[in-house]
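Reader: Can you walk me through this one? I'd like to go from a single residue out to the sheet and the helices.

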Amino acid sequence: MATIKLTVNGKAVSADVEDRTLLVHLLRDHLGLTGTHIGCDTSQCGACVVHIDGRAVKSCTTLVGQANGANITTIEGIAKGDELHPMQAAFRDNHGLQCGYCTPGMIMSAIDIVNRHGGQLDEATVRHELEGNICRCTGYHNIVKSVLDAAGRMKVAVAAE
C-alpha cells in the first residue's frame, strides 16, 4: 500500500492504495467520481480521459502513483456551479452526443485540444486529434461542430477573465 496525495477538482485528496491501482479506479471506486467511464481498459476508446496538470490523459492506463502530487480534473470539475463549461454547453447546443457514454472523455479531450491549438483549429485538426476517442453512435459531425463552436466560446471566456 502507498499513500498518495492529489488535488482532484480543486480538493486535496489522500488515499492509501495498492501500487497497481489505476487512476480511473481511484476516481470511480474510492472518490465516487463516476463521470470518468471505463470503456476498454486498453487506452483505445478515450471514455476515461481526465486532465492531469491540465493535459488530457487516459486514466485507465495511468497508475495512481504516476499522478501523485498532481492536479486532476474530471468531467465533474469543469463546470462552475450550475454554469456549464463552454465545451459542455457547445456539446449540448450542437447535439454532440447521443447515448452519452463517450461524452465525458470527448469533452475532456476536446478542452485539451482547444487549449493546445487555440484559434488554429479546423475540422481536419479536430478529427485527427479525436482519433483516440471512439463514439459508436454518431458520425462525429456534431462532435466536431461542438468542438469548433466551443473553441470560440472558450476564447471569449478567456478574454472576459
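**A working chat**

Author: Histidine 85 counts as buried, because its relative accessibility is 15% (buried means under 20% relative accessible area, exposed over 50%, partly exposed in between, with a 1.4 Å probe and protein chains only). This is a predicted model, in which local features need pLDDT of at least 70 and side-chain atom pairs count only at pLDDT 80 or more, while totals for chains, interfaces and linings use all residues. Residues are numbered from 1 along each chain as its sequence is written, and side-chain values use heavy atoms, with hydrogens and water left out.

Reader: Where does histidine 85 lie?

Author: Histidine 85 is in the loop between β5 and α2. Helices (H or I, at least four residues) and strands (E, at least two) are DSSP runs, numbered from the N terminus.

Reader: And which residues is histidine 85 in contact with, neighbours within four places in sequence aside?

Author: Ile78, Ala79, Ile111 and Met154. Contact means heavy atoms within 4.5 Å.

Reader: Switching to the sheet. What is the strand order?

Author: The order is β2-β1-β5-β3-β4, in an open sheet of five strands with mixed pairing. Two strands pair if DSSP finds at least two bridges between them. β2 (11–17) and β4 (55–58) are the edge strands, each with a single partner, so one side of each has no neighbour in the sheet.

Reader: How do β3 and β4 pair, parallel or antiparallel?

Author: Antiparallel, over four bridges, with β3 covering residues 49–52. Histidine 51 is opposite alanine 56 in β4, and valine 49 is opposite lysine 58 in β4. The hairpin of β3 and β4 has two residues between the strands, and aspartate 53 there takes a positive phi near 50°.

Reader: What about β3 and β5, how many bridges?

Author: Two, again in the antiparallel sense. Isoleucine 52 stands opposite isoleucine 72 in β5.

Reader: Which way do the β3 side chains point?

Author: Val49 and His51 point one way, Val50 and Ile52 the other, and all are buried. In a regular strand the side chains alternate between the two faces of the sheet.

Reader: Which strands does α3 lie across?

Author: β3, β4 and β5 (71–73), and α3 runs at about 45° to β3. Axes are lines fitted to C-alpha atoms, for helices over the stretch in contact, and angles run from 0 to 180 degrees between N-to-C directions.

Reader: Now helix on helix. At what angle do α2 and α3 pack?

Author: About 125°, with the axes 10 Å apart. That angle makes α2 oblique to α3 (under 35 degrees is roughly parallel, over 145 roughly antiparallel, 65 to 115 roughly perpendicular, and the rest oblique).

Reader: Which residues make the contact?

Author: From α2, Met87, Gln88 and Phe91; from α3, Thr103, Met106, Ile107, Ala110, Ile111 and Val114.

Reader: Last topic, the largest nonpolar core. Which of the 24 residues touch the most other members?

Author: Met87 and Val147. A nonpolar core is a set of buried Ala, Val, Leu, Ile, Met, Phe, Trp, Tyr and Cys residues joined through side-chain atoms within 4.5 Å. Two or more residues each come from α2 (86–93), α3 (103–117) and α5 (141–160), and α3 gives the largest share, seven residues.

Reader: What does valine 147 touch?

Author: Not counting residues up to four places away in sequence, valine 147 touches Met87, Phe91, Ala110, Val114, Leu121, Val126 and Leu130. There is also a second, separate core of 16 residues, including Leu6, Val13, Val17 and Ala67.
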